[in-house]
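Hi,

Here is the structure I said I would pass on.

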Amino acid sequence: MSKKNVDFTLYLVTDSTPAILGDRNLCHVVEEAIKGGVTCVQLRDKTADTGHLIALARALHKVTQHYRVPLLINDRVDVALAVGCEGVHIGQDDMELSLARRILGPDAIIGVTVSTVEQAMHAAECGADYLGIGTVYATPTKTNTKSIIGTAGVRDILAHLGKTGVKIPAVCIGGLNESNLQRVVFQCHSPWKGLDGVAVVSAVMASQNPENAADRLLRLFHQGAVNFVDCSRIGTNAAGLINLTPAIIKAVHDTKPLSHNMTNLVVQNFAANVALAVGASPIMSNNGEEAADITKLGGSLVINMGTVTPDGLENNIKALRAYNMVGQPVVFDPVGAGATAVRRAAVKTIMAAGYLDVIKGNEGEIKTVFSDNGPQQRGVDSCSTLDDGQKARLVQNLAQRERNVVVMTGKTDFISDGRRVFSISNGHSYLGLVTGTGCVLGTAISAAVAAHSGDKMEATMAAMLHFEIAAEIAAARPDVHGPGTFVPAFIDELHNIRLATSKNDLAWLRRAKVK
Ligand code: 3NM
Ligand code: MG
């Protein structure tokens, strides 16, 4: 087996602890996993006595040799040498790479764990054969991990390697499983270099059917992230987006998609009415347990952080995973994100737990989502410090980092998919004087992304034009005298625009101000 053509696509790291292996036989579990598609195996046992570890490695090597899959030993160069397996995997605190190389020779496969660009470049320069990048997400399998770097951290490392022309296979590790694999691969991808594989422990080792588990993971890896942001129409300009808007509003009208809202107490009723007005079918369920069933009805999810409780957060995460699992869209509204430490932590937790197709917030919220040293917000109201150019850049940077669509609301709204940025200057100041208008915009967006299965930026733009122009028309009505009378008129106009559009009456759309 030449080390030049090792396949790192599905890299299995073993774990002999009772919590994961139970009373099963390690060699048997690994054999099943290889039958399912595991392409590379690392024996990792931090507590076994040396004699026992060598015996185990020998037995395991027989299995891996039979299937022509390389076996690497975690940390223990001596054990690898003793059993004559294909190589080792070393961490930053283990034996130095150059020393391990001297002991094992040029043909051994030596991989290194890295969590920074510097460590990655150093390992590559010293002749590592592959990199294990992590820790992506906090995981109970390894509680002493030093740095949780998320998908953005992995992508920074891959991008740097790619840009500087360093060719080295790379996998990532930490908390990967069936529900997040596709979007992790998608979000880790940089234009210069992507992942060559993923490394897992519990997703396969703890499975009652390791063969099936490996098979499904491998399929997900090869399938790619088909349901995520589709940038296929990157040529679309502002006029193009306006032209696409009626078809998207009609799609909502015709298909009546489900808009599943996990939202705060203040806006539940308003959000449900807005969903109906734009032609969606609202379901207001804050119980994460029923999310998987709700996904079967099609539709999309809004996670609104308006009233954050530990219990609520847990439910949000369950629902997020359920939607990600089936590739249905999720809109995240980080209400009041910067206001308290609890909310800042909640944002981080939600961002790490899944893929958010659209993130929508005001300036302060988007700043906080972008970096935790965002501004201290007062309540959930917005306050502005950035000029339009800075806002556009922030929205684009966040969308680029998350590989999704980001919306920043304000007098002028900004929207980006990471490549394009548009501003919308429709709307009315009454929107800022009524509570929950931002939240219900999330609901309107969720309806559009559920009904329009293509580019989520197109869908988001359509929902925003529908919403902002309805506000403009409502505010101008003679029966509207202020924010109180504005609300029912606004719901009327959302409804009217939808009905007019379904009859190809597009006069309202001439008001669109998109740049
Ligand atoms: N190394 P699971 S994280 C063995 O970051 C290991 O270097 C890590 O387990 C690192 O797939 C990890 O069950 C455990 O989350 C990964
Ligand atoms: Mg180690």
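Predicted model: local features only at pLDDT ≥ 70, side-chain atom pairs only at ≥ 80, totals over all residues.

The ligand site

Ligand 1 has 13 residues around it, and the ones that come nearest are Thr135, Thr139, Thr141, Gly175 and Ser202. In Thr135, a side-chain N or O atom sits 2.4 Å from an oxygen atom of ligand 1. Thr141 also uses its side chain: a polar atom there is 2.5 Å from a ligand oxygen. With Gly175 the backbone takes part, as one of its N or O atoms lies 2.7 Å from an oxygen atom of ligand 1. How much of the ligand's accessible area does the protein cover? On its own, ligand 1 has 430 Å² of it, and the protein covers 96% of that. As for the make-up of the shell, eight of its residues are polar, three are nonpolar and two are charged.

The helix pair

Next, look at H2 (residues 26–36) and H10 (residues 210–223). Their axes come within 7 Å and cross at roughly 35 degrees, and the crossing is right-handed. On the H2 side, the contact is made by Val29, Glu32, Ala33, Lys35 and Gly36. H10 brings Pro210, Glu211, Ala214, Asp215 and Leu218 to the contact. Sorted by type, the residues of this contact come out as five nonpolar, four charged and one polar.

Cheers

Methods
Residues numbered from 1 in each chain as written. Chains lettered and ligands numbered in written order. Heavy atoms only, no water. Near = heavy atom within 4 Å. Polar contact = N/O pair within 3.5 Å; in protein donor to acceptor, adjacent residues only side chain to side chain. Areas by Shrake-Rupley, 256 points an atom, 1.4 Å probe, with all protein chains shown as cover. Nonpolar A, V, L, I, M, F, W, Y, C, P; charged D, E, K, R; others polar. Axes fitted to C-alpha atoms, helices over the stretch in contact; angles between N-to-C directions. Helix = DSSP H or I, 4+ residues; strand = E, 2+ residues; numbered from the N terminus. Left-handed = near helix turned anticlockwise from the far one by under 90°. Contact = heavy atoms within 4.5 Å.
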